[in-house]
Amino acid sequence: MSSMTVTVSGYLGNTPVLRQTSAGTHWVRFSLACNASYRDASGNWTSGETTWFNCKAWGTFAVNIAESLHKGDPCLLYTSDAADERSS
């Protein structure tokens, strides 16, 4: 498994809901939508295809997210660990 850093700028697709494991650890799941904007041949701004990221956070960070962020809020996601690798 390799390590990489990923930074994504987008908008929350849902309001994060705080949950708790049976051991008492807090966690939250949320989605982040982003799309690339570019200028077309006429010079007009055009939005590209939307890419969705499914995210999880744990512990006090999860509590902070659940108390601070809501659906539609702009969000900057930074991670230095892509834990779930999938290939097609």
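Which residues have the most contacts inside the largest nonpolar core?

**Before you start.** This is a predicted model, where local features need pLDDT of at least 70, side-chain atom pairs count only at pLDDT 80 or more, and totals for chains, interfaces and linings use all residues. Residues are numbered from 1 along each chain as its sequence is written, and side-chain values use heavy atoms, with hydrogens and water left out.

**Whole chain.** Show the cartoon. The protein chain has 1 helix and 5 strands. From the N terminus, the order is β-β-β-β-α-β. Helices (H or I, at least four residues) and strands (E, at least two) are DSSP runs, numbered from the N terminus. The accessible surface is about 6600 Å², and carbon and sulfur atoms hold 50% of it. Such areas come from the Shrake-Rupley method with a 1.4 Å probe; for residues, only the protein chains shown count as cover. Of the 88 residues, 22% are buried. Buried means under 20% relative accessible area, exposed over 50%, partly exposed in between (1.4 Å probe, protein chains only).

Select residues 17–20 and 26–39. These are β2 and β3, paired in the antiparallel sense over 4 bridges. Strands pair if DSSP finds at least two bridges between them. Click R19: its bridge partner in β3 is W27. Then go to the 5 residues between the strands, where G24 takes a positive phi near 95°.

**The core.** Select L12, V28, F30, L32 and I65. These have the most contacts inside the largest nonpolar core, which has 13 residues. At least two core residues come from each of β1 (6–12), β3, β4 (45–58), α1 (59–68) and β5 (74–79). β3 gives the most, with 4 residues. A nonpolar core is a set of buried Ala, Val, Leu, Ile, Met, Phe, Trp, Tyr and Cys residues joined through side-chain atoms within 4.5 Å.

Zoom in on F30. Beyond its neighbours within four places in sequence, F30 touches L12, N14, P16, F53, N54, C55 and I65. Contact means heavy atoms within 4.5 Å.

**The cysteines.** How many disulfides does the structure hold? There are 0. A disulfide is a pair of cysteine sulfur atoms within 2.5 Å. For C34, the closest cysteine sulfur is in C55, 9.8 Å away, so it is too far for a bond. For C55, the closest is in C75, at 7.5 Å, again too far. C34 is buried at 18% relative accessibility, and C55 is buried at 9%.
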